[in-house]
Amino acid sequence: LRIYVQFMSKLIFTNNYAYVTHSEADKKLVLKKYRINAQKLFVVDHGSYDNFLKKIKVQKDLNKCNILFLGLLRPYKGVEYLIEAFKKLDKDRFNLTIAGEIWEDYNITSKISADIKFIPKYLTDEEIIEQFNKADVLVLPYLRASQSGVAHIAISYGLPIIATSVGGLKESLQVYKGTTFVRAKNSKDIVTSLNKLFKKRHKRFENPHTWDKTIEQYKKVLK
């Protein structure tokens with residue numbers, strides 16, 4: 001996969017009309033690695049994933065805070081730090097669901113205990129909607145990141161998000177009032193944030209991202 005990406009990148013980053021990243025952090029990385037014309041490179045906000053927003057009836061324990069991690073399971077996602085944090089939480093107050101397909105021979109299965117709901121597969125749109133209707137908080141313990149589509153689904157639902165302040169992820173989430181930032185590779189920060197969140201787990205937040213805003217930014221790219 002890496003060899004393919006390296007080969008295709010040389011073709012993709014050659015003689016295009018314009019280039020788009022979703023954060024200033026990614027813009028700097030692209031300029032440094034591919035040395036393209038900075039005047040052709042634009043930052044456009046990640047569009048809202050409100051197409052996943054659908055309220056459905058689900059069975060969930062309303063007396064507990066239902067923690068969700070959803071997405072491809074890869075080493076840079078830092079899921080082991082969430083698992084370590086969950087060990088330190090009161091199981092009478094918290095549930096944890098980890099859902100997603102395992103990539104890159106990520107040795108995470110052996111670390112997942114029986115009290116964690118584990119769904120090791122690629123989820124359909126309907127299954128994603130179900131998980132977000134069950135969730136009270138999304139946790140993203142990433143070690144690095146440019147963006148997260150899963151985060152934007154959570155924002156569409158107004159869910160609280162606990163995320164590491166890394167890369168472009170920090171830029172996109174800092175405008176969302178439901179975000180709590182933690183340090184990367186730090187399970188203690190996750191524990192502290194989840195315990196603080198428990199009494200406010202039902203609070204929902206306004207989505208600051210709109211497609212109208214994204215469209216206007218793309219219009220500037222195409223001028």
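**View 1. Tyr 142 is buried, at 3% relative accessibility.** Buried here means under 20% relative accessible area, with exposed over 50% and partly exposed in between (1.4 Å probe, protein chains only). A quick note before going on: this is a predicted model, where local features need pLDDT of at least 70 and side-chain atom pairs count only at pLDDT 80 or more, while totals for chains, interfaces and linings use all residues. Residues are numbered from 1 along each chain as its sequence is written, and side-chain values use heavy atoms, leaving out hydrogens and water.

**View 2. Tyr 76 and Tyr 142 make an edge-to-face aromatic pair.** Their centres sit 6.1 Å apart, with 70° between the planes. Rings of Phe, Tyr and Trp (its six-membered ring) pair if their centres lie within 6.5 Å; planes under 30 degrees apart are stacked, over 60 edge-to-face, and the rest tilted. Tyr 76 is in the loop between strand 3 (65-70) and helix 3, and Tyr 142 in the loop between strand 6 (137-140) and helix 5 (149-157), so the pair ties together parts 66 residues apart in sequence. Helices (H or I, at least four residues) and strands (E, at least two) are DSSP runs, numbered from the N terminus.

**View 3. Helix 5 is largely enclosed by the rest of the structure, because eight of its nine residues are buried.** Among those buried are His 152, Ser 156 and Tyr 157. The cover over the buried residues includes strand 3, helix 4 (125-134), strand 6, strand 7 (161-164) and helix 6 (167-173), counting contact as heavy atoms within 4.5 Å.
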